[in-house]
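Q: Could we go through this structure together? I would like to start with the helices and then turn to the packing.

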Amino acid sequence: MDAFLDRLDIYASGIWLPLLFCMTVLLFVVFMPKRQIDWLGIYLTFGVVGCVGVLLDINILGEYFDLFDLGDPGKEGIGDLASYAIIPSCLAVIFINYFDKKNKWLYVAIFTGISYSYEWLLTQTGYMKLLGWQNWYSIPVFIMVYGVWLPWHHEIIKRLR
């Protein structure tokens, strides 16, 4: 059992933060009133955002450029999965569900703030180790994701219906 838990990187410093935040946003997605997104949209968003998150963060930024590490650098544990795939997917679903074109930049600012705060807390708890990255580098990325990519993604989902 210890070997199994070790492979999950469950003993990493600060692991409680991604696990707690993951459970919180996942429960929020399940129980939130569905306004602009249904279960098919949630399914598609989870798949697309989770895949992009894993490909970009783990493979390109984390491994290829080696800009940061989460938990033990030699393991891809449960906290990595939560931080790269589940949490971004949940935040994307919540953003799309409550998104309002009239207040677009307010929503972009709120979700950029939530995403930045989460990344900053990962660093503060010791779960994320910066190797050439600074937390504030993510702000323009979050603005592009919430301001351009997710509204575009939502339009594609609506056209599929």
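This is a predicted model: local features need pLDDT of at least 70, side-chain atom pairs count only at pLDDT 80 or more; totals for chains, interfaces and linings use all residues.

Q: Thanks. How many residues does helix α6 have, and how far does it reach?
A: Helix α6 covers residues 138-160, which is 23 residues, and spans 31 Å from its first C-alpha to its last. That is close to the 33 Å expected at 1.5 Å a residue.

Q: Where does α6 bend?
A: The bend is at Val145 and amounts to about 35°.

Q: And which residues of α6 are buried?
A: They are Ser138, Phe142, Tyr146, Gly147, Leu150, Pro151, His153, His154 and Ile157.

Q: Why might residues three or four places apart in a helix point the same way?
A: An α-helix has 3.6 residues a turn, so such residues point the same way.

Q: Moving on to the core. How many residues are in the largest nonpolar one?
A: It has 35 residues, and those with the most contacts inside it are Ile87, Ile94, Phe95, Leu122, Tyr146 and Leu150. The elements that contribute two or more residues to this core are α2 (16-31), α3 (39-64), β1 (68-70), α4 (78-98), α5 (104-124) and α6.

Q: Which element gives the largest share?
A: Helix α4 does, with 11 residues.

Q: What is Ile94 in contact with, leaving aside its neighbours within four places in sequence?
A: Ile94 is in contact with Val25, Phe28, Val29, Met32 and Phe111.

Q: Now the aromatics. How many pairs are there in the whole structure?
A: A search of the whole structure finds 10 aromatic pairs. One of them joins Phe21 and Tyr118, which are stacked at 4.8 Å centre to centre with 15° between the planes. Phe21 lies in helix α2 and Tyr118 in helix α5, so this pair ties together parts that are 97 residues apart in sequence.

Q: Is Tyr118 buried or exposed?
A: Tyr118 counts as buried because its relative accessibility is 8%, and the cut-off for buried is under 20%.

Q: What about Phe95 and Phe111, how are they arranged?
A: Phe95 and Phe111 form an edge-to-face pair, 5.3 Å centre to centre and 85° between the planes. Phe95 belongs to helix α4 and Phe111 to helix α5, so the pair connects parts 16 residues apart in sequence. Both residues are buried.

Q: Which residues do ring pairs link into a cluster?
A: The cluster consists of Phe68, Tyr84, Trp133, Trp136 and Tyr137.

Q: Back to Tyr118. Which side chain makes a polar contact with its side chain?
A: The side chain of Ser83 does, at 2.8 Å. Ser83 is in helix α4 and is buried, with a relative accessible area of 9%. Not counting residues up to four places away in sequence, Ser83 touches Pro18, Leu70, Pro88, Tyr118, Leu122 and Tyr127.

Q: Last topic, the loop between α1 and α2. What is the phi of Asp9?
A: Asp9 has a positive phi of about 60°, although it is not a glycine. It is found in the loop between α1 (2-7) and α2, and it is buried at 5% relative accessible area.

Q: And where is Ala12?
A: Ala12 is in the loop between α1 and α2 and is buried, with a relative accessible area of 12%. Not counting residues up to four places away in sequence, Ala12 touches Gly71, Asp72 and Tyr127. The C-alpha atoms of Ala12 and Gly126 are separated by 8.7 Å, although the two residues are 114 residues apart along the chain.

Methods. Residues are numbered from 1 along each chain as its sequence is written. Side-chain values use heavy atoms; hydrogens and water are left out. Helices (H or I, at least four residues) and strands (E, at least two) are DSSP runs, numbered from the N terminus. The expected span of a helix is 1.5 Å times one less than its number of residues. The bend at a residue is the angle between axes fitted to the seven residues ending there and the seven starting there. Buried means under 20% relative accessible area, exposed over 50%, partly exposed in between (1.4 Å probe, protein chains only). A nonpolar core is a set of buried Ala, Val, Leu, Ile, Met, Phe, Trp, Tyr and Cys residues joined through side-chain atoms within 4.5 Å. Contact means heavy atoms within 4.5 Å. Rings of Phe, Tyr and Trp (its six-membered ring) pair if their centres lie within 6.5 Å; planes under 30 degrees apart count as stacked, over 60 as edge-to-face and the rest as tilted. A polar contact is a pair of N or O atoms within 3.5 Å; within protein, one must be able to donate a hydrogen and the other to accept it, and residues adjacent in sequence count only if both atoms are side-chain atoms.
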